[in-house]
Amino acid sequence: MIDLLLLSVALFFGILTVYSRDNVYSAVSLASAAGAVGAYYAYLAQFAPAFLVFVIYIGAVMLLVIITAAMYGGVQRWGGRYFLATTLVFLAAAALGAFLWGAPPAKPTPVQLGDLLPAVMLLIGVAAVSLIVGIEVARKA
Amino acid sequence: MSPAVVVGFILILLGLYSIATTRNLVRILIALELVTVGAFAALAPLASANPGLFFYGVLILVMISVSEASILAALIYRTYALTESTDVSAVAGGREP
């Protein structure tokens with residue numbers, strides 16, 4: 001359940017990244033989403049990839065993105081609703097995580113090779129959507 | 001299908017949507033990084049199947065994101081220096097007539 005909680009937090013901050021109007025809040029939400037994914041890696045006991053995500057990705061790339069967002073765009077308004085929403089989600093996730101930490105761990109399900117086929121189909125779908133988005137952006141620019 | 005794959009693809013599609021709907025270069029940089037975060041999440045099920053391949057996948061993804069972020073950041077700085085704007089529309093050179 002903790003894995004679902006971490007993924008839900010990553011999804012929440014990903015949605016917040018797209019729908020925040022200020023560049024800095026958007027960049028901070030993106031860093032939070034990346035942090036949630038890094039925590040998910042750590043939960044899966046993949047400490048070397050979690051280290052890469054936390055130190056290299058968040059420590060270097062996210063820093064660059066946040067600084068760039070602060071230089072060009074910056075904070076235009078006081079994000080009261082943003083802070084309220086993120087604080088509520090953080091508190092709820094922390095409380096739920098502490099509650100689930102005491103629960104007996106579920107047995108992990110092994111990955112079947114057949115699971116890769118839908119992922120490949122989705123990947124092809126994303127590639128098609130990327131192509132369409134690229135063409136539309138090029139036509140608009 | 002693993003929940004991590006579903007969340008990853010939702011994040012990738014959100015990033016593509018954001019790229020399609022904005023003209024601000026900073027938002028395009030943020031959206032590209034959101035696509036990378038989605039790819040990180042979608043890669044997670046590989047951890048139990050093949051941890052070695054998973055580690056190298058994450059490593060390659062981090063390297064790709066570092067290079068794309070640095071290139072786009074340089075593009076933003078240069079565009080702002082030339083046009084005093086971060087709007088893609090301000091870049092007229094190289095456009096088809």
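This is a predicted model: local features need pLDDT of at least 70, side-chain atom pairs count only at pLDDT 80 or more; totals for chains, interfaces and linings use all residues.
Q: Which pattern does chain B follow along the sequence?
A: Count the elements. Chain B has zero strands and four helices. Read along the sequence, its pattern is α-α-α-α.

Q: How many of the residues of α2(B) are buried?
A: Take the whole chain as background. Of the 97 residues in chain B, 45% are buried. α2(B) has 19 residues and is mostly covered. The number buried is 18.

Q: Are α2(B) and α4(B) roughly parallel or roughly antiparallel to each other?
A: Look at the axes. Those of α2(B) and α4(B) are 10 Å apart, and the helices pack at an angle of about 180 degrees. An angle over 145 degrees counts as roughly antiparallel. The two helices, α2(B) and α4(B), are therefore roughly antiparallel.

Q: How many nonpolar residues does the contact of α2(B) with α4(B) have?
A: Start with who meets whom. From α2(B) come residues including Leu25(B), Leu29(B), Thr36(B) and Phe40(B). Among those they meet in α4(B) are Phe54(B), Leu61(B), Glu68(B) and Ile76(B). By class, this contact of α2(B) with α4(B) has two charged, four polar and 15 nonpolar residues.

Q: What share of the contacts in chain A between residues at least 6 apart in sequence join residues at least 24 apart?
A: Turn to chain A. It has five helices and zero strands, in the pattern α-α-α-α-α. Buried residues make up 31% of its 141 residues. Among contacts in chain A between residues at least 6 apart in sequence, the share joining residues at least 24 apart is 66%.

Q: Which helix of chain B gives the most to the side that touches chain A?
A: The contact takes 47 residues from chain A and 46 residues from chain B. On the side of chain B, α1 (3-21), α2 (25-43), α3 (46-49) and α4 (51-83) each supply at least two residues. The most, 15 residues, come from α1(B).

Q: How many charged residues are on the side of chain B that touches chain A?
A: Sort that side by class. It has 38 nonpolar residues and six polar ones. The charged residues number two.

Q: Is α1(A) roughly parallel or roughly antiparallel to α1(B)?
A: The axes of α1(A), residues 2-19, and α1(B) come within 10 Å. They cross at roughly 5 degrees. Angles under 35 degrees count as roughly parallel. That is why α1(A) and α1(B) are roughly parallel.

Q: How many nonpolar residues are in the contact of α1(A) with α1(B)?
A: From α1(A), the contact includes Leu4(A), Leu7(A), Leu11(A) and Ile15(A). From α1(B), it includes Val7(B), Ile10(B), Leu14(B) and Tyr17(B). The contact of α1(A) with α1(B) has no charged residues and two polar ones. Its nonpolar residues number 13.

Key: Residues are numbered from 1 along each chain as its sequence is written. Chains are lettered from A and ligands numbered from 1 in the order in which they are written. Two residues are in contact if their C-beta atoms, placed from the backbone, lie within 7 Å. Ala, Val, Leu, Ile, Met, Phe, Trp, Tyr, Cys and Pro count as nonpolar, Asp, Glu, Lys and Arg as charged, and the others, Gly among them, as polar. Axes are lines fitted to C-alpha atoms, for helices over the stretch in contact, and angles run from 0 to 180 degrees between N-to-C directions. Angles under 35 degrees count as roughly parallel, over 145 as roughly antiparallel, 65 to 115 as roughly perpendicular and the rest as oblique. A residue is buried if 20 or more other C-beta atoms lie within 10 Å of its own, exposed if 12 or fewer, and partly exposed in between; C-beta atoms are placed from the backbone.
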